[in-house]
Amino acid sequence: MNLNSPGSVFVVGGAKSGKSSLAQSLAEKSGKRPVYVATAQAWDQEMEVRIKRHQMDRGPAWSTLEESVNLKDALLGIDHRDKVLLVDCLTLWLSNLMTLENLDDEEILTKCRELSDVIPRLEAKVILVANEVGMGIVPENALARRYRDLAGGLNQLMGRTCEQAILVSAGIPLVLKGPALF
Amino acid sequence: MNLNSPGSVFVVGGAKSGKSSLAQSLAEKSGKRPVYVATAQAWDQEMEVRIKRHQMDRGPAWSTLEESVNLKDALLGIDHRDKVLLVDCLTLWLSNLMTLENLDDEEILTKCRELSDVIPRLEAKVILVANEVGMGIVPENALARRYRDLAGGLNQLMGRTCEQAILVSAGIPLVLKGPALF
Amino acid sequence: MNLNSPGSVFVVGGAKSGKSSLAQSLAEKSGKRPVYVATAQAWDQEMEVRIKRHQMDRGPAWSTLEESVNLKDALLGIDHRDKVLLVDCLTLWLSNLMTLENLDDEEILTKCRELSDVIPRLEAKVILVANEVGMGIVPENALARRYRDLAGGLNQLMGRTCEQAILVSAGIPLVLKGPALF
């Protein structure tokens, strides 16, 4: 492990905090060929607009892989040589496991652990983005509470697994763990 | 005060951020006998499951004291010799004051100040856990807004009172005030 | 630019996190004459109580300017000599642009960029306060989601523009960018 270039990075932040931009910038500065692993599915117009906007933000150097559910297999299936994989984002993936796949908590925890186990074994550098969703009022809705708890657990797992963890607020990165950024 | 072992620690973080685990680990590393001061009341099944899970997470070294309302008296009533008291959590205690005790804002502020006044006088080391609940959208519900404001005020008070304050995100502690952790 | 006295400061934090108190304290310690630029409009009793409480918190050294919409012109229109301008807060201003002025996203982004362009050109020191609103669960309400996205974008812009950026939790400042506080 090169201290200034950790093999795995976890970027967590609020909505529109600049976490994806930061992750993209880290990927581009890595000197490796960037692969965008998109977990989003365009199931409504609002989502479609967001996805399009994000695609335009990235340049032609990027290749894209869409995988909303089988993230572990998708990551293992990529040719890793000289690559940096940006997974954006885990919170949406979690939401897909809950709503598209209808998995229960135990099944979701298994998926999360499988993903976490794979990260240190990837030859490519990997950057994973997730939302901080637990710093508001307890949601009235039971599904939202379940989602919030699972997202918090997933973020903890990623915080433990990755060599570097970064919290983003107002577009500014705050290193929680691992080497300083600049 | 031993700089590396502050007498009072405030741990704040989002839901499922790992704040309770961190607090437990700090208590266990203190070399003192840990007392878990639980503010939770099991008023529904969801809550009961959470409480049970948390009890299983703690080992047999821990003793437990349940007190959902009279926190100041509970803390004063414990034999403090060689003890570390973990109060988990203040946000639930606040919620109990509002909903079980029906206290108004003035009465709640008095309770918070009384608790805060007692902390520096405790012979035992004390670790207090609370939720960050103010970083989401303004709640539509007036009670939730009142709760959010009171929780923010309580967190400020604890941040001022305690010798060390720690923010937790993705399971990773970020020292806001006081000595570094490692 | 004096490294220990940045010309522009962005303070972001949750509800009742102590961000306004911190901003006021920074303004008072600057040695300049403080001007409070209030973006709040008292449209209901809850708001009126908040505004009154905040006014009482500030001392007689402060002058006050109320401007809920045309923030850029208000800032340019002040006599800047020996002044420090405290804008409290940008999140409410954004909300005013959305609900009082009915501006669309493009118009709001233009207003935000105009404000941001003006900040480095002000002769006075300027401190801008905003809410972190993106770290809770995705709101069910489409207007709240739009607000959350715009607020995140505005916070990023301010984080880039200002010489110093500070995140506040539990009343404790955490410098994200620029010179340390103490």
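Modeller: Buried area is the accessible area that two parts lose on being put together, summed over both. Keep that in mind for this predicted model.

Biologist: Happy to! What makes up the area that chain A and chain B bury between them?

Modeller: Chain A and chain B bury about 1,700 Å², with 63% of it on carbon and sulfur atoms. On the chain A side, M135(A), I137(A) and L176(A) supply 40% of the area buried against chain B, more than any other three residues.

Biologist: And how many residues of each chain are in contact there?

Modeller: 21 residues of chain A are in contact with 24 residues of chain B.

Biologist: Why is the pair E46(B) and R145(A) called a salt bridge?

Modeller: The closest N and O atoms of E46(B) and R145(A) are 3.0 Å apart. The cut-off is 4 Å between a side-chain nitrogen of Lys or Arg and a carboxyl oxygen of Asp or Glu, so the pair qualifies. The count between chain A and chain B is 1 salt bridge. As for elements, α6(A) gives the most to the side of chain A that touches chain B, with 8 residues.

Biologist: Nice. Now chain C: how do you know that the span of helix α2 agrees with its 13 residues?

Modeller: At 1.5 Å a residue, residues 45-57 of chain C should span 18 Å, and the end C-alpha atoms are 19 Å apart, so the two agree.

Biologist: What caps the N-terminal end of α2(C)?

Modeller: D44(C) does, with a side-chain oxygen 3.3 Å from the backbone nitrogen of E46(C). The limit for a polar contact is 3.5 Å, so that distance falls within it.

Conventions:
Residues are numbered from 1 along each chain as its sequence is written. Chains are lettered from A and ligands numbered from 1 in the order in which they are written. This is a predicted model: local features need pLDDT of at least 70, side-chain atom pairs count only at pLDDT 80 or more; totals for chains, interfaces and linings use all residues. Side-chain values use heavy atoms; hydrogens and water are left out. Helices (H or I, at least four residues) and strands (E, at least two) are DSSP runs, numbered from the N terminus. The expected span of a helix is 1.5 Å times one less than its number of residues. A polar contact is a pair of N or O atoms within 3.5 Å; within protein, one must be able to donate a hydrogen and the other to accept it, and residues adjacent in sequence count only if both atoms are side-chain atoms. Contact means heavy atoms within 4.5 Å. Buried area is the accessible area (1.4 Å probe) that two parts lose on being put together, summed over both.
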